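Here is a brief report on one protein model. Have the sequence and the 3D view open as you read.

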Amino acid sequence: MLASPDQQALLHLEPEPDQPWWAIRHTRTASTPAWQASFGARTPAEIIAAFTDALTDPARPAASGSPYEPLRNAGWQPARDHSGLTSPDGIAHVEHFTETGSDTWFSDVAISGDPEGLIWRAQIGTGTPTHLVAAVTRALADPSPLRRDPQRLPRLGQDLMHTSVRQLPAAHVAFALERRIDALASRTPGPCRPAPPPPPAVQPRPPRSR
């Protein structure tokens with residue numbers, strides 16, 4: 001478990017087979033309600049990282065439109081069986097559930113409607129800041145290929161993947177985590193330098209005596 005410096009946000013990793021593995025909970029503050037988000041075991045690390053990066057970003061989030069916007073721009077279409085959007089290949093779905101006072105976002109990737117066809121699922125609960133939801137939808141809409149070990153690709157849905165193999169320098173892989181940590185640390189402003197002391201006041205010279 002990881003906790004934010006102010007102890008208001010907690011990140012849990014609970015590897016239960018039938019439950020979401022990753023859970024993020026935030027306590028209520030004076031201006032915002034408590035909220036939580038959860039991600040299934042096979043959720044790509046890039047999706048979870050997009051959420052946590054936005055959560056820990058010290059910069060105030062800029063005003064943005066609907067979290068659906070990045071998906072629409074990427075060609076996602078209205079779903080047939082719910083009020084959300086479906087990816088062009090038909091396997092990823094995002095829905096904003098607002099009935100009975102709820103304000104929950106659901107995202108799932110499945111190769112079929114059977115429980116065995118579910119690849120991963122995420123749920124972002126009521127009260128979660130909109131910019132965090134938008135970070136997830138932007139990551140979902142990102143067409144950049146994911147870097148994976150070809151020997152460790154999941155079997156479920158392999159026939160829907162497009163893969164290519166490219167050799168990378170060992171240093172590029174070995175120091176990937178360090179580069180990411182440095183990039184995240186650079187977002188945090190360093191300690192403020194104290195202002196330089198004012199120059200000493202110039203004392204007027206005494207008049208010369210003749």
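## Ser87 and its surroundings

The side chain of Ser87 reaches the backbone nitrogen of Ile91 at 3.5 Å. That is a polar contact (a pair of N or O atoms within 3.5 Å; within protein, one must be able to donate a hydrogen and the other to accept it, and residues adjacent in sequence count only if both atoms are side-chain atoms). Ser87 lies in the loop between strand E6 (85–86) and strand E7 (92–97). Strands (E, at least two residues) and helices (H or I, at least four) are DSSP runs, numbered from the N terminus.

Ser87 is buried, at 9% relative accessible area. Buried means under 20% (1.4 Å probe, protein chains only). Leaving out residues up to four places away in sequence, Ser87 touches Trp76 and Ala92. Contact means heavy atoms within 4.5 Å.

## Basis of the model

This is a predicted model; local features need pLDDT of at least 70, side-chain atom pairs count only at pLDDT 80 or more, and totals for chains, interfaces and linings use all residues. Residues are numbered from 1 along each chain as its sequence is written, and side-chain values use heavy atoms, with hydrogens and water left out.

## Strand E9 and its partners

Strand E9 (residues 118–124) pairs with strand E4 (residues 35–39) in the antiparallel sense, over 3 bridges. Pairing requires at least two DSSP bridges between the strands. Ala37 has Ile124 of E9 as its bridge partner.

Strand E8 (residues 104–110) also pairs antiparallel with E9, over 6 bridges. Here Trp105 stands opposite Ile124.

## Helix H1

Helix H1 (residues 45–56) has 12 residues. Its buried residues include Ile47, Ile48 and Phe51.

Terms used: The expected span of a helix is 1.5 Å times one less than its number of residues. Buried means under 20% relative accessible area, exposed over 50%, partly exposed in between (1.4 Å probe, protein chains only).
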